[in-house]
Amino acid sequence: QMQQQQQQMTRKEEEQEDVTKSPGFRREKQIDRQRREEKRREEESGGGARKERGAEGEGKGKDAHGHGVGGDDHKSSFMQSTFNMANILMGVGMLGLPYVLKSAGWIGGTITTIGFCLVTWRTSYYLGRELNGDPRPVSLFDNHTPSKTQTPDSKTSNGSHSAANPDTHILQRMRKPITSFPGIAREAFGDNGCICLSAVLYFELFSCLSIFFVSLGDHLHALFPSISQSKHMTIAAGVLIVPSAVLRTPKLLSYLSAVGTIATVAVVSAVVLSALVMFLLVAKAEHDFVGGDVEVVGGNERDFTLYSSKGLPLALGIVAYCFSGHAIVPSIYSSMARPQDFERMINVTYGMVLACCLLVGISGYYMFGNDVEDQITLSLEHQSENGNTLMTMLTWLMILTAMSKFTLTMFPLALGFEEMLTGILPSDLAMELIDSLVKIILIVLSLAVAIFFPSFSFLCSLVGLICTMIVSVIFPAMAHLKLFGSELSMLDKIIDWLLVVGGSIVAVVGTIATVQADA
């Protein structure tokens, strides 16, 4: 028995050594240490206050199982989590939704948007349940629910038995909870799976940098048409070196997210209100001049497409890019004060995001028809009269949004490369120099890609078909099968396999069709 125990301990040590070599492990351990330190400080600072409150606060902040739910002030409320999730999904990709309807038509574009939203809606459920360690709804559990790795007679932190009485039927998790996206990959597919997923995530982040460069070049060219798009992108790259090098901590970077939120609200409002005004003007014109069959906007006829199968791959890629954001789901789940509300939060978030996407797509395509550009803000800027202050302000806001999102995206990407060099660099000064050098190299490389492929819709579609299909559709379904396959019903298994196989086919065929169409 002693020899078996020693062999088991040796295997565990070898497994731990292998795990520490995987990408993102050091960052996960650092985050865990920070959370434990914050919790310890909070307990030390709040212990005396809790004693003074005594029986007055005994019944407050308890859930149905009698556990506290409001003890951590650093946790996010339901509304904060909903806002954060919606802010991630409603990004720059929303600008291309009217172009989706142009590519696939009214029917094809609408069905693609709703269909992919429902798919990623379901895979968001999968991620929450994989993080929770059980295939059943997250709402059935709380933070103190034991997993099957705990014995029925194991004691909780307060000394009571967690499941000593078999008649209580305490619900147990199938597996231990997981805290991160790489953690799901490591638990389901081992270190090799974690490395492959990290590579896809890093490629997606790098591609997003190029997309932001193209968006910057397009909007700056709309304001200053005498300068070429490539020169605008080069100037923007020089400007972005400063904030990318200065803003090194997530706390400083968090202030930039407010710009994206304001821009999203402004774009949705501008597109919907412009479409509403135009609809009222057209209705009034048709009422005053009966018999006109031609719809006019700005003196030009609008042409519409009902359905086009030829543009479906491009449309699907843009929609997929718009709904990318599953890599951030574990962070939002871990930050929630009540993780059992995760699926309800996903329902509210996806309902709002789908409504906004349909409003922007339908309104933008209604205004410009097949003349709409791949970024709706560019069409609004071109349609507006010279000196239109509101449209100019909106364009500048989109420029600031692209710059802020570029800096936010650069941070985790550069951090991943820095972690690979952590054990090699001799000092903190060398680490800071390498940090700046890595960011400059990433800026130059992403600028080169943007200059070589200066098409917003093409880059968004490729990233959506390749990266988002893997991260947001194929991986969550595969992990769901791998982790909980023995507990799933036949229907659930069939749905998972359809997502895996269907997502893989769409990714390959769609990518080939998009590249051939752009050639």
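# Briefing on a predicted, mainly helical-element model

Arg338, Asp341 and Arg344 are joined to one another in a network of salt bridges.

**Salt bridges**

- The whole structure contains seven salt bridges.
- Arg338 counts as partly exposed, because its relative accessibility is 30%.
- Arg344 is likewise partly exposed, with a relative accessible area of 45%.
- Arg186 is a buried residue, with a relative accessible area of 15%.
- As a general point, side chains of opposite charge can pair when their charged atoms come close.

**The nonpolar core**

- The largest nonpolar core has 118 residues, and the members that touch the most other members are Met94, Phe213 and Phe323.
- Helix H5, residues 181-223, gives this core its largest share, 19 residues.
- Leaving aside residues up to four places away in sequence, Phe323 touches Leu89, Thr113, Phe116, Cys117, Thr120, Tyr350, Val353, Cys357 and Ser472.

**Covered helices**

- Helix H9, residues 312-322, is mostly covered, with ten of its eleven residues buried.
- The buried residues of H9 are Pro313, Leu314, Ala315, Leu316, Gly317, Ile318, Val319, Ala320, Tyr321 and Cys322.
- These buried residues of H9 pack against H4, H5 and H16, and also against helix H3 (78-89), helix H11 (342-368) and helix H15 (456-484).
- Helix H12, residues 376-383, is also mostly covered, and six of its eight residues are buried.
- In H12 the buried residues are Ile376, Thr377, Leu378, Ser379, Leu380 and Glu381.

- Val100 lies in helix H4, which spans residues 97-132.
- The relative accessible area of Val100 is 0%, and Val100 is therefore buried.
- Apart from residues up to four places away in sequence, Val100 touches Gly105, Gly109, Thr113, Ala315, Ile318 and Val319.
- Ala315, Ile318 and Val319 are among the buried residues of H9.
- Val100 and Asp374 are separated by 274 residues in sequence, yet their C-alpha atoms are 8.4 Å apart in space.
- Across the protein chain, 82% of the contacts with a separation of 6 or more are between residues 24 or more positions apart.

**Cysteines**

- A search of the whole structure finds zero disulfides.
- Cys117 is in no disulfide, and the nearest cysteine sulfur, that of Cys357, is 7.2 Å away.
- With a relative accessibility of 0%, Cys117 counts as buried.
- Cys467 is in no disulfide either, and the nearest cysteine sulfur, that of Cys208, lies 7.8 Å away.
- Cys467 also counts as buried, at 0% relative accessibility.
- Both sulfur distances, 7.2 Å for Cys117 and 7.8 Å for Cys467, can be set against the disulfide cut-off of within 2.5 Å.

**Surface**

- The protein chain exposes about 26,700 Å², and carbon and sulfur atoms supply 62% of this area.
- Trp497, Val501, Ile505, Val508, Val509 and Ile512 make a nonpolar surface patch of about 580 Å².
- Ile505, one of the patch residues, is found in helix H16, residues 490-518.
- Ile505 has a relative accessibility of 49% and so counts as partly exposed.
- H16 is also one of the helices against which the buried residues of H9 pack.

Key: Residues are numbered from 1 along each chain as its sequence is written. This is a predicted model: local features need pLDDT of at least 70, side-chain atom pairs count only at pLDDT 80 or more; totals for chains, interfaces and linings use all residues. Side-chain values use heavy atoms; hydrogens and water are left out. Helices (H or I, at least four residues) and strands (E, at least two) are DSSP runs, numbered from the N terminus. Buried means under 20% relative accessible area, exposed over 50%, partly exposed in between (1.4 Å probe, protein chains only). Contact means heavy atoms within 4.5 Å. A nonpolar core is a set of buried Ala, Val, Leu, Ile, Met, Phe, Trp, Tyr and Cys residues joined through side-chain atoms within 4.5 Å. Patches are made of residues with over 30% relative accessible area and no salt bridge: like charges are joined within 9 Å, nonpolar side chains (Val, Leu, Ile, Met, Phe, Trp, Tyr) within 5 Å. Accessible areas come from the Shrake-Rupley method with a 1.4 Å probe; for residues, only the protein chains shown count as cover. A salt bridge is a side-chain nitrogen of Lys or Arg within 4 Å of a carboxyl oxygen of Asp or Glu.
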